[in-house]
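Dear colleague,

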Amino acid sequence: METQRLSGKIISQKIKTAVHDSVLTLPSKPGLAVVTVGDDPASKVYVKNKEEACREVGIVWKQVSLSDKVTEEELFSVVTRLNLDPEIHGILVQVPFPPNLSYLESAIVDAIDPKKDVDAFHPFNVGKFLSCKGAACDTLLLPPTPYGIIRLLEEYSIPISGKHVVILGRSNLVGKPLSLLMLARDATVTICHTKTHDVKEIAKQADILIVAIGKPHSVDATFIKEGAVVVDVGINWSEAGVVGDVDETSVGGIASALTPVPGGVGRMTIAILLENVLKAYHMQMNSS
Ligand code: GUN
């Protein structure tokens, strides 16, 4: 079987072009503020990629870089200032925080104005997409990586309704929110995690297998049913460069479609983030 590559590079470019075209028609520029805490090397790369993408589409970029010595008070006051800044329409607080401040992660997310929460991490936005159904979900701020996966599948006309979607990984960033978005599109969803028995047997039942476990090349052909669609969410840094969670060589010829790493889901995350800034801009303009 020939394995189709689902190109996040091509589809994200299409989305970015649409965002750029929309930005040109606006009376003012949308702005995104990214707050970083500490010096995580992977976060630096993600943030640099987001900055480049904003520049490409005409979104104003503001970065607030805080050291891991920042006080709780300073951190909250940065978010409060950004909430009140009329030139900032989206706020993203990069995670993970350094270990000494990780206890603050969820309180900081709660402090972001939900209308500016372009990560869709805030409980208000999570509640919104928890209860939405079908196309009505598309008007909400949706979490960039999970929604990016859905959009990538839809662009390639891969059906979701009625399919068995197996997600390996239950993170707040990917596994849990993706399960909700898949349910809203009428998939049957199974989530596997570190305590799941017989992961391989469950994975082999998937029509669509989503791999988000953060272990390089840990999923091979033995996890996959012939003809399954495989989405690789892994971004693992190795000496050979960035590699995914899926062993591409092994699943090639067995999967019907596969997202490459790099050039797959990561690109989609950034494109949806840009779309969210635009959505957030319109929400704020309409409510002022
Ligand atoms: N760290 C890794 N990916 C993300 C993301 O999409 N948003 C935030 N805030 N932090 C991240």
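The protein exposes about 13300 Å², of which carbon and sulfur atoms supply 55% (accessible areas by the Shrake-Rupley method with a 1.4 Å probe, where for residues only the protein chains shown count as cover). This is a predicted model, in which local features need pLDDT of at least 70 and side-chain atom pairs count only at pLDDT 80 or more, while totals for chains, interfaces and linings use all residues. Residues are numbered from 1 along each chain as its sequence is written, and side-chain values use heavy atoms, with hydrogens and water left out.

Of the 288 residues, 49% count as buried, meaning under 20% relative accessible area (1.4 Å probe, protein chains only). The protein has 10 helices and 11 strands (DSSP runs, H or I of at least four residues for helices and E of at least two for strands, numbered from the N terminus).

Turning to the helix pair, α1 (residues 8-25) and α2 (residues 41-57) pack with their axes 8 Å apart and at an angle of about 50°, the axes being lines fitted to C-alpha atoms over the stretch in contact and the angles running from 0 to 180 degrees between N-to-C directions. From α1, Gln 13, Lys 16, Val 19, His 20 and Val 23 meet Ala 53, Glu 56 and Val 57 of α2, with contact taken as heavy atoms within 4.5 Å.

Definitions and conventions. Buried < 20%, exposed > 50% of the residue type's maximum accessible area, 1.4 Å probe, protein only.
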